[in-house]
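Hi everyone, thanks for making time for this. Let me put the structure up on the screen, and then we can walk through it together.

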Amino acid sequence: MQIVVEHSRKDIHNSDIPVVCAACEARHGGVCGTLTASQLTELSRHAARRRVEPGSEMIGQGEAANNYANIIRGVVKLSKMLSDGRQQIVGLQFAPDFMGRPFMRESALSAEAATDADVCAFPRAVIERLVGEAPGLEHRLHEQALKELDEARDWMLTLGRKTAQEKVASFLYLIATHVDPESGVAKEFDLPLSRADIADYLGLTIETVSRQITKLRKEGVIRVENTRRVIVPDSRRLMRHAGIDR
């Protein structure tokens with residue numbers, strides 16, 4: 001993992017917001033958007049920008065949670081390890097999600113970069129102090145926790161009741177709607193997980209995942225280039241195949 005620390009500076013308009021924060025797209029939709037200029041300046045003094053390569057573990061299950069982070073770009077895979085060594089993917093995080101649980105001393109999950117990822121990391125003590133000083137930050141963290149709870153409940157429905165094709169289409173729709181927070185629903189994207197990881201996440205076999213992707217491709221719901229690049233001509237049609245009625 002390569003770590004690059006970026007220092008706070010003022011922009012050309014003499015704004016009180018550090019340049020590294022003003023230029024950060026994740027700030028506007030993430031937890032940092034609730035902070036004042038002085039709080040952002042304080043946070044930026046302790047922040048470190050990190051570029052993480054795919055497959056690199058960012059924190060292990062049971063490890064001390066000494067840092068939190070905002071995801072600026074990329075996809076992070078969350079996994080849970082069973083006592084016998086089996087591992088289950090239990091979630092994905094995207095920009096501008098906040099990684100970590102304030103006031104928890106150790107991580108209940110392992111987090112691994114599924115793609116090239118950029119994160120902005122800060123010490124746990126700094127965030128926990130700011131939570132006490134900034135009600136908006138506490139509120140935003142609470143909102144994200146509730147959002148993740150709602151998404152987990154939706155995913156329980158996907159895993160428990162949907163057909164294999166609906167599961168695969170639901171996964172593709174999840175990526176399309178989260179991989180680029182600026183675009184809303186992405187018309188094309190690279191799959192952030194391997195076929196094996198997709199199968200693990202969906203509770204299917206690799207063969208079933210591949211068969212359903214092929215079926216969706218033959219029906220014109222998606223196009224696939226170079227095995228990983230997915231093009232979605234009509235997101236509403238993908239929604240219908242995913243059994244999503246909203």
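Predicted model: local features only at pLDDT ≥ 70, side-chain atom pairs only at ≥ 80, totals over all residues.

Let's start with the overall layout. At the interface, 14 residues of domain 1 are in contact with 12 residues of domain 2.

How much area is buried between domain 1 and domain 2? About 1,000 Å², and carbon and sulfur atoms give 64% of that. Which three residues supply more than any other three of the area that domain 1 buries against domain 2? Those are Ile89, Leu92 and Phe94, which together supply 48%.

The rule finds one salt bridge between domain 1 and domain 2. If you'd like to find a salt bridge on the screen, look at the side chains of lysine 77 and aspartate 197, which meet at 2.9 Å, N to O. Three residue pairs are in polar contact across the interface of domain 1 and domain 2. As for secondary structure, strand E5 (75-81) and strand E6 (87-94) each supply at least two residues of the side of domain 1 that touches domain 2. E6 gives the most to that side, with seven residues.

On to the aromatics, then. There are three aromatic pairs in the structure. In one of them, the ring centres of tyrosine 68 and phenylalanine 98 are 5.5 Å apart with the planes at 45°, so this pair counts as tilted. Tyrosine 68 sits in strand E4 (residues 67-73) and phenylalanine 98 in strand E7 (residues 98-99), so to speak a link between distant parts of the chain, 30 residues apart. Tyrosine 68 and phenylalanine 98 are both buried.

Another pair is tryptophan 155 with tyrosine 201: their ring centres lie 4.9 Å apart and their planes are at 20°, which is under the 30 degrees cut-off, so the pair is stacked. Because tryptophan 155 belongs to helix H5 (residues 135-161) and tyrosine 201 to helix H7 (residues 195-202), this pair ties together parts that are 46 residues apart in sequence.

Buried or exposed, tryptophan 155? Buried, at a relative accessible area of 13%. Tyrosine 201 is buried too, with 6%. Finally, Trp155, Phe171 and Tyr201 form one aromatic cluster.

Key
Residues numbered from 1 in each chain as written. Heavy atoms only, no water. Phe/Tyr/Trp six-rings, centres within 6.5 Å; stacked < 30°, edge-to-face > 60°. Helix = DSSP H or I, 4+ residues; strand = E, 2+ residues; numbered from the N terminus. Buried < 20%, exposed > 50% of the residue type's maximum accessible area, 1.4 Å probe, protein only. Contact = heavy atoms within 4.5 Å. Buried area = accessible area lost by both parts, 1.4 Å probe. Salt bridge = Lys/Arg side-chain N within 4 Å of Asp/Glu carboxyl O. Polar contact = N/O pair within 3.5 Å; in protein donor to acceptor, adjacent residues only side chain to side chain.
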